Amino acid sequence: MSASVDPLAASIETLAQQVTGRVAVPSDNDWDTVRMAWNLSIDQHPRLVALPENTSDIVAIVNFARSSGLQVAPQGTGHNAGPLGDLSDAILLRTDRLREVTVDPEHATVRVGPGVTWTEVTDALAPHGLIGRAGSSGSVGVTGYSIGGGYSWLARKHGLAVSSITAVELVTGDGTFHRVDAETEPDLFWAVRGGGANVGIVCALEFGVLPLPQVYGGALLFPMERASEVFAAYELWTRDLDDSATTCLRLLRLPPMPELPEFLRGHSFVGVDGAIDASAEDAERMLAPLRALKPAVDTFAIMPTPALGMIHMDPPAPAPARGDGMILEDLPSEAIDALLAVAGPGIETPLLAVDLRHLGGALGRPDSKGGAVNHLPGRFLLYAVGITPVPEAVAAVESHIAAVKKALAPWSANRDYVNFRDSSDAASKFYDQETIDRLTAVRFAHDPDQIIRSNHPVTATA
């Protein structure tokens, strides 16, 4: 019996000849590499992978997808890939080769391509004493992080990263290139800042950065057995905390990895990490109530701001994992007890970390410069994650994440944060109805055939 012939083979070959970049297909020797997500437990199987080298390539890829009955799923580093779902009818458009970083120190702005990571931006800004609103992991792509919202260690004072965006270049699902800002196509500019790939494929971002060469940051670590005491103290501490402090309370079970220092390797902690954008004197005054608990490890000190990318100990390279999150309206003693009953001391759990990032301050106030996402409601941002080195570990980790979310469900907000949701959910979990209606109108106007695939879609209808 003869092998089946791919009906798109000829047109895929034509596309490959049209673009400057590359088109990869399943028969290529490096197929398993080019289709790989950051989370190695997510096994992506797209129809093909496109690796554009310029905006013209992206336009050609989108037009090919529309004529071929396919969708296009843009992806930078491959974080938050799980919610994309089945990609068998989609082109995975990897922006790895689009790595422009141009700093304008005079105006405190930077322009980046969609394949750039935060480490690259931070390194480019450091010689100028500037810093972006980067997340806790330098390996995360700037584009996906920023257009999804962008929670940084400076967020309670300076707001979400999405509100610092001053211009976006993107290709919409109808194959049109746009450069948008507050004056040019303001509706599209509003929609992409929070609506992400629902409205187009980002080709470049421009955003403002901060003149902040150093900051007071670090971590406090306590033995896991003191979790109840530390949780209660942290909850009290954050009630009237100055906006200059952005911190995270965490349950941390570190694996016995050789690259970790001996005092961390294989140990479990309850910890507080983050940054305080204030003088050392004011920061030490703020931290005093937590330091009075006598942590086993205290690394808080004045540090170069780029070093903030190291304090959370996020993995620097792709790894297999499962995680998910939610926003909490409050953390009363009943919520603390419920969480510790499923993930606290003495509990056998495969979870590496359960994080509670402090919200409020500038994060909780709608920003007039923002877009479809301009603030985050609630008091804490939860994220629970576990490493899944073998497929058999996935079910156990997902079960424990579900137990954490169920335990805290009575205190959950009616909104979630797209960047911390690694599972699919309705658009109403991320936007209010007015925002959904406006996003839908913008998307339908520019992508009537819904060519662009988002990891958290707002479905456009006539």
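This is a predicted model: local features need pLDDT of at least 70, side-chain atom pairs count only at pLDDT 80 or more; totals for chains, interfaces and linings use all residues.
Helix 7 spans residues 186-195 and helix 12 spans residues 433-446; their axes lie 10 Å apart, at an angle of about 115°. Because angles from 65 to 115 degrees count as roughly perpendicular, helix 7 is described as roughly perpendicular to helix 12. On the helix 7 side the contact is made by D187, L188, W190, A191 and G195, and these meet T435, R438, L439, V442 and H446 of helix 12. By class, the residues of this contact are five nonpolar, three polar and two charged.

A second pair is formed by helix 10 (residues 333-343) and helix 11 (residues 392-408), whose axes come within 9 Å and cross at roughly 165°. That angle makes helix 10 roughly antiparallel to helix 11. The crossing of helix 10 and helix 11 is right-handed. From helix 10, the residues A335, A338, L339, V342 and A343 meet A403, V404, A407 and L408 in helix 11. The contact of helix 10 with helix 11 has nine nonpolar residues, with no polar and no charged ones.

The remaining feature is a pocket. The second largest pocket holds about 450 Å³ of space. Its lining is made of 24 residues, and T119, S137, G138, G309 and M310 lie nearest the centre. Helix 4 (residues 118-125) gives the largest share of this lining, with four residues. In the lining of the second largest pocket, 11 residues are nonpolar, 11 are polar and two are charged.

Definitions and conventions
Residues are numbered from 1 along each chain as its sequence is written. Side-chain values use heavy atoms; hydrogens and water are left out. Axes are lines fitted to C-alpha atoms, for helices over the stretch in contact, and angles run from 0 to 180 degrees between N-to-C directions. Helices (H or I, at least four residues) and strands (E, at least two) are DSSP runs, numbered from the N terminus. Angles under 35 degrees count as roughly parallel, over 145 as roughly antiparallel, 65 to 115 as roughly perpendicular and the rest as oblique. Contact means heavy atoms within 4.5 Å. Ala, Val, Leu, Ile, Met, Phe, Trp, Tyr, Cys and Pro count as nonpolar, Asp, Glu, Lys and Arg as charged, and the others, Gly among them, as polar. On a 1 Å grid over the protein atoms alone, a cavity is a set of points where a 1.4 Å probe fits but cannot get out, and a pocket is an open set with protein on both sides within 12 Å along at least five of seven lines; lining residues have an atom within 4 Å of a point. Grid points are joined across faces, edges and corners, and a volume is the space filled by probe spheres set on the points. A crossing is left-handed if the near helix is turned anticlockwise from the far one by less than a right angle, and right-handed if clockwise.
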